[in-house]
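Q: I would like to learn how to read helix packing, a ligand shell and overall size from a set of coordinates. Could we take them in turn?

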Amino acid sequence: RRDVENENRYQPAILTDGHRVEVVANIGKVAEAAAAVEAGAEGIGLLRTEFFFLDREAPPTEEEQYQAYTEMVRALNGLPLIIRTLDIGGDKVLPYLTLPEEENPFLGVRGIRLCLRRPDLFIPQLRAIYRAAQHGPVKIMFPMIATLEDFHAAREAAEKVRAELGAAPVEMGIMVEVPSTVVMAAEFAKEVDFFSIGTNDLTQYTLAMDRLHPALAKHVDGLHPAVLRLIDLTVKAATKEGKWVGVCGGVAGDPLGASILTGLGVAELSMSLPSVAAVKARLRDLSLPAAENLARMALKCSTAEQVRALQPA
Ligand code: PEP
Ligand code: MG
């Protein structure tokens, strides 16, 4: 079965009734772009750019970033690359950034909040992204968006960079990782090009459980119905505005999670490389009505345990 999965990894994930789901990869290193294609991914749904900024004494220059993003675009050979702007803070720290100690780093100046306060980091990255986008289908994604103001400020910074470079527009999406963004999804959906749901953080903030807390690990489950209902709301709001929704958190790489997400109307699933072939194989065994039925049952569950006990029909 493993062998068959592997042999078919370059085939798209087409359900038994012809519905197609895009299966893409999460990566965090330049060389992983080629590895993702090799693993059967149809592009990159999440490039974690933190890798660039970690383990060094100073931030990467615009030129270094431009070279690296361009190398990935080339390796992808026409497949899409979604570049997430720097998502530092919370659990991720940089040695050369002396940030004030925070009582609650996960509720502090992290992700887009940090970038908006540090144009010295944000602007060179945006410039590198727009320049690399000349070479292939690149999209920009902002992490940890919690308010419309944050998105507006990020978009304004990007738009200014684009105008200065005289570059072509690039599709702009946001990560949905904070419950407030789901509540305001109708408003966001009018303004963004796409949503990508980060179920790792969305679960943490919805259940108020630290995603790294060893004593809570068992309960921090992205298949909790509370999280699934938020995903459902997000997809409904996006669909009304004709926008697409992806998921790039851990749920997308879980075969049951991928089936439920497909039934909820998620169009793109982004996962770590080892999950690609297995998720594609699972989706090929499914029909869209069966996935929708599974999603309906999952939304009615009261606990994550009940969701995990569901079987696709
Ligand atoms: C997430 O929060 O689900 C996500 C994909 O981002 P990260 O894991 O990098 O925080
Ligand atoms: Mg996240």
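Predicted model: local features only at pLDDT ≥ 70, side-chain atom pairs only at ≥ 80, totals over all residues.

Q: What is the hand of the crossing where H6 passes H7?
A: The crossing is right-handed.

Q: Which residues of H6 and H7 make the contact?
A: Take each helix separately. H6 contributes Phe 122, Ile 123, Leu 126, Arg 127, Tyr 130 and Arg 131. From H7 come Ala 157, Ala 158, Val 161, Arg 162 and Leu 165. Sorted by class, the contact of H6 with H7 has eight nonpolar residues, three charged ones and no polar ones.

Q: How do helix H11 and helix H12 pack?
A: The reading goes the same way. H11 (residues 225–240) packs with H12 (residues 255–264) at an angle of about 35 degrees, and the axes are 10 Å apart. The crossing of this pair is right-handed. On the H11 side are Leu 228, Ile 231, Asp 232 and Val 235, which meet Ile 260, Leu 261 and Leu 264 of H12. The contact of H11 with H12 has six nonpolar residues, one charged and no polar.

Q: Which residues surround ligand 1?
A: A shell is read as a list, then by element and by class. Around ligand 1 are Leu 46, Arg 48, Asp 87, Glu 177, Gly 198, Thr 199, Asn 200, Asp 201, Cys 248 and Gly 249.

Q: Which elements each supply at least two residues of the shell around ligand 1?
A: Strand S3 (44–48) and helix H10 (199–207) do. H10 gives the largest share, three residues.

Q: How do the residues of the shell around ligand 1 divide by class?
A: Four are polar, four charged and two nonpolar.

Q: How many helices and strands does the protein have?
A: There are 15 helices and nine strands.

Q: What does the radius of gyration say about the protein?
A: The value is compared with what a compact globule of that length would have. For 313 residues that expectation is near 20 Å, and the protein has 19 Å, so the two agree. A box along the principal axes gives another view: the C-alpha atoms fill roughly 50 × 45 × 35 Å.

Key:
Residues numbered from 1 in each chain as written. Chains lettered and ligands numbered in written order. Left-handed = near helix turned anticlockwise from the far one by under 90°. Helix = DSSP H or I, 4+ residues; strand = E, 2+ residues; numbered from the N terminus. Contact = placed C-beta atoms within 7 Å. Nonpolar A, V, L, I, M, F, W, Y, C, P; charged D, E, K, R; others polar. Near = placed C-beta within 6 Å. Axes fitted to C-alpha atoms, helices over the stretch in contact; angles between N-to-C directions. Rg over C-alpha atoms; globule rule 2.2 N^0.38 Å.
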